[in-house]
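Here are some notes to read beside the model. Please keep the sequence and the structure open while going through the points.

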Amino acid sequence: MQRWGLHKSIWTQDLRKKNYETLRQNLNVDTVIVGAGITGLLTGILLRDAGKRVAIVTDGEVGHGVTGNSAGHLTQVLDYEFRDLVSRFGEEKIKDVVAACGNAINFVEKLATAKKIECGFTRTPGFKFTESKDDLQNLVEEVELAQRFGMSASQLLNNPLSFLVAGIIRFENQAMFDPLSFVLNLAESFVGEGGLLFENSRVLKVEDDSTPRVHTKFGSVSAQEIVLATHTPIGVYLSLHTRVAPYFSYVMGVRLKRAPAQGLFWDTSKPYFYLRPVKTGTDIWIIGGRDHKTGQEIKTYERYLEVEEYIHQHFDVSEILFYWGNEVFESVDGLPYIGKIPFTKNIFTGTGYSGTGLTFGVLAGRIISDLILGEKNESAEIFDPSRVKAVASASSFLKENMNVAKWYVSDRLSHHEIGEIKLIAPNEGRVIDVGEKKVAIYRTENGRIHALSSTCTHMGGTVHWNSAEKSWDCPCHGGRFRATGEAFEGPPLGDLADVKLYTEENPDAADTITEATPGFSPMPEQLLDI
Ligand SMILES: Cc1cc2nc3c(=O)[nH]c(=O)nc-3n(C[C@H](O)[C@H](O)[C@H](O)COP(=O)(O)OP(=O)(O)OC[C@H]3O[C@@H](n4cnc5c(N)ncnc54)[C@H](O)[C@@H]3O)c2cc1C
Ligand code: FES
């Protein structure tokens, strides 16, 4: 098992997958959807069912964004505590949100049955527990509110876990599934019903004028509407990017010697741990947590070690089988933004789902397709991206954006020596100062140096090395780039620019530096035009 690097989730094992061609032509359809995760596929299926001509264009393969890297819980119990949400939006609205999430889960069940999708959809209770007596009152309030929202929820005297807790509550009728199988089957169904689907087709440009259009390297698709189902919208949309914050979460697949009773479990710690069996009756469990803001943790592998330590403290473990991680986007007021992007003519999106984005992705598919079809959707208003919750979200808005400002500023202030290059081990990276520029340097497995601009192509943040995932991550809005600079996640459209470095002695061989070289310097005219 490879311990660090871009990991593959448990769902990618035993994968039965069809391949779809790359976009190599110019097309015109009714709606073009960018991204083939749960949001894109659901929107596509629903629009296709309504008779629209739809094309889905995705980077990489179907489901291999965050959807296929999730834990597969389907819950109505949101990441934010109910009482916090009620204090921001009022009880009636949150009651509606919880009902809409319940309907989204019912919809997955209905769709899986109607389309005969084998994705392990199983109804199961959800349990929220605490190991701290200080949180007991919060659990009591959570149950009371859930009951007022019409959920079947109770405090438990019997603990289904295999370790001691201070308190635990139970929510009936939640669900779990294999999210990757679900979206792969949706993709087959979408194509079978006449939808167009293109894989390995990264969108590089989005045009929102009288002819909305998306462009990839080898083709383009024009349409009446564009749906950016890319988890956070690609491109620059200040109204949204300043209101969602990227966090990174860590997960493991573990074989347990003594598994708890079946269910979805999560605790009250911040950030919380989450656990579930991979399927009914198995001793393999998915356990995750230790989230942190993207790009703001240097030794990211230590987070995996902390999840591992938690697992060993709480369970009798046979073996750890899988490691993987990915991003979640949290909105400043606790609810996602779903609908038309403010100040655009024809662009829709769904983002800010937090850790319950499988339920919200389904909900987004229903809301966006209804908006495009001109149908009434009861939930559209509360999730509308242009909603104004200035009072409720002002403090979080300020906190998240002051945090971004800190990263812009402190990067300009810190200084690294050029000689640091020699300290970079194979398959590691580091941002160093070269003259007045910051250069992101990655040393390949075979010792060669790959030098890149450290300036994020989205809005100019400085990328940071993620040692566990071997990627360059931007702390500002969650943009991520491969070690060799290709954009693969978050809002950036372009790759990190290559930087040419040379030494006095050997102008062509800077990429072979293995130790500090006195005459090493950047070639000014070729070094970044930031
Ligand atoms: C570790 C982890 C565990 C989680 N567990 C749960 C859970 O148990 N339950 C739950 O409800 N939620 C969970 N979530 C959250 C949930 O997985 C996500 O919110 C949800 O999957 C997002 O779906 P999406 O379709 O919007 O995005 P994605 O699944 O990320 O799909 C976006 C697609 O857009 C494509 N794309 C991006 N940029 C471009 C471009 N420029 N051109 C073309 N295509 C592009 C990507 O390749 C990808 O296919 C978890 C998240 C993480 C990180
Ligand atoms: S992701 Fe926005 S500046 Fe990098």
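1. Start with the ligand. Ligand 1 is surrounded by 37 residues, and the closest are V66, T67, H73, V203 and L358. Keep in mind that this is a predicted model.

2. Which kinds of residue make up the shell around ligand 1? By class, 20 are polar, 14 are nonpolar and three are charged.

3. Several elements of the fold contribute to this shell. Helices α1 (38-49) and α8 (357-373) each supply at least two of its residues, and so do strands β13 (244-256) and β17 (317-331).

4. Next, look at the polar contacts made by the backbone. A polar backbone atom of A71 is 3.0 Å from a nitrogen atom of ligand 1. At I38, a backbone N or O atom lies 3.0 Å from an oxygen atom of the ligand.

5. How much of the surface of ligand 1 does the protein bury? Taken alone, the ligand exposes 1000 Å², and the protein buries 96% of that.

6. A separate point concerns the protein surface. V236, L238 and M459 make a nonpolar surface patch of about 240 Å². Of these, L238 is found in helix α6, which covers residues 238-241.

Note on methods: Residues numbered from 1 in each chain as written. Chains lettered and ligands numbered in written order. Predicted model: local features only at pLDDT ≥ 70, side-chain atom pairs only at ≥ 80, totals over all residues. Heavy atoms only, no water. Near = heavy atom within 4 Å. Polar contact = N/O pair within 3.5 Å; in protein donor to acceptor, adjacent residues only side chain to side chain. Areas by Shrake-Rupley, 256 points an atom, 1.4 Å probe, with all protein chains shown as cover. Helix = DSSP H or I, 4+ residues; strand = E, 2+ residues; numbered from the N terminus. Nonpolar A, V, L, I, M, F, W, Y, C, P; charged D, E, K, R; others polar. Patch = residues over 30% accessible without salt bridge, like charges linked within 9 Å, V, L, I, M, F, W, Y side chains within 5 Å. Salt bridge = Lys/Arg side-chain N within 4 Å of Asp/Glu carboxyl O.
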